Amino acid sequence: MDTMSPQQRHKNMAAIRSADTKPEMTVRRWLHSRGFRYRLNHRGLPGHPDIVLRKYRTCIFVNGCFWHGHEGCRYFRLPKTNVDFWRTKIERNRERDHRDYQALARLGWHTIVIWECSLRPASVRQCTLESLEQTLYHIFLADRQLPAGPSRTLHYPLQSEEDGTDEKLVAEP
């Protein structure tokens with residue numbers, strides 16, 4: 001049984017934002033303070049990534065544990081009311097996320113997912129953000145070690161959804 005009236009629940013749910021969330025703002029402030037420059041919610045890329053670092057050819061998604069169904073997380077549990085609705089909604093979100101990550105990989109983009117729970121508490125947040133910085137530097141250096149010229153192609157192994165085999169997809173940046 002819901003403890004709020006339908007009008008209160010509607011007002012509460014309508015206040016939930018999809019952009020400029022606290023976790024996203026934390027990551028953005030940290031990246032900017034470290035000298036990383038980025039674009040926000042790039043409409044031309046699959047999934048409209050929260051943060052796009054073109055220099056690093058990397059998309060960062062800052063996912064809320066509830067809305068994206070972070071398994072094993074203390075912040076994710078299905079509501080007790082309207083369970084079927086929420087289960088299908090979150091499962092659709094997971095499937096859409098997976099499709100978007102694969103599409104980005106096909107286009108030659110690196111994808112990093114930062115979960116809301118990895119930014120709480122402060123000690124975990126610091127570790128997560130430092131790891132993000134190291135990952136971005138690693139991506140930058142690895143991409144620059146490839147031979148230059150028009151024949152430069154990147155091979156990204158992806159798991160095929162139908163038969164579970166690995167297939168190589170080629171992207172030319």
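Student: To start, how many disulfides does the count come to?
Tutor: The count comes to zero disulfides, where a disulfide is a pair of cysteine sulfur atoms within 2.5 Å. Before we go on, this is a predicted model, in which local features need pLDDT of at least 70 and side-chain atom pairs count only at pLDDT 80 or more, while totals for chains, interfaces and linings use all residues. Residues are numbered from 1 along each chain as its sequence is written, and side-chain values use heavy atoms, with hydrogens and water left out.

Student: And how far is the sulfur of Cys117 from the closest cysteine sulfur?
Tutor: That closest sulfur belongs to Cys73, and the distance of 3.7 Å is too far for a bond.

Student: What about Cys59, is it buried or exposed?
Tutor: Cys59 is buried, because its relative accessibility is 0%. Buried means under 20% relative accessible area, exposed means over 50%, and partly exposed is in between (1.4 Å probe, protein chains only).

Student: Switching to helices, how many residues does α3 have?
Tutor: Helix α3 covers residues 83-106, which makes 24 residues. Helices (H or I, at least four residues) and strands (E, at least two) are DSSP runs, numbered from the N terminus. From first C-alpha to last, α3 reaches 35 Å, close to the expected 34 Å. That expected span is 1.5 Å times one less than the number of residues.

Student: Which residues of α3 are buried?
Tutor: Among them are Trp86, Ile90, Asn93 and Asp97. An α-helix has 3.6 residues a turn, so residues three or four places apart point the same way.

Student: What comes just after α3?
Tutor: Gly108 is there, with a positive phi of about 90°.

Student: Which residue has a positive phi although it is not a glycine?
Tutor: Asn41 does, at about 45°, and His48 also has a positive phi, near 45°. Asn41 is in the loop between β1 (39-40) and β2 (51-53), and His48 has its place in the loop between β1 and β2 too. Asn41 is partly exposed at 23%, and His48 is partly exposed at 34%. Most residues other than glycine have a negative phi, and most peptide bonds are trans.

Student: Where is there a cis peptide bond?
Tutor: Look from Arg120 to Pro121, where omega is near -15°. Pro121 is in the loop between β4 (110-115) and α4.

Student: Last one: what is Phe140 in contact with?
Tutor: Leaving aside neighbours within four places in sequence, Phe140 is in contact with Lys55 and Tyr56, where contact means heavy atoms within 4.5 Å. Phe140 is in helix α4 (residues 122-144).
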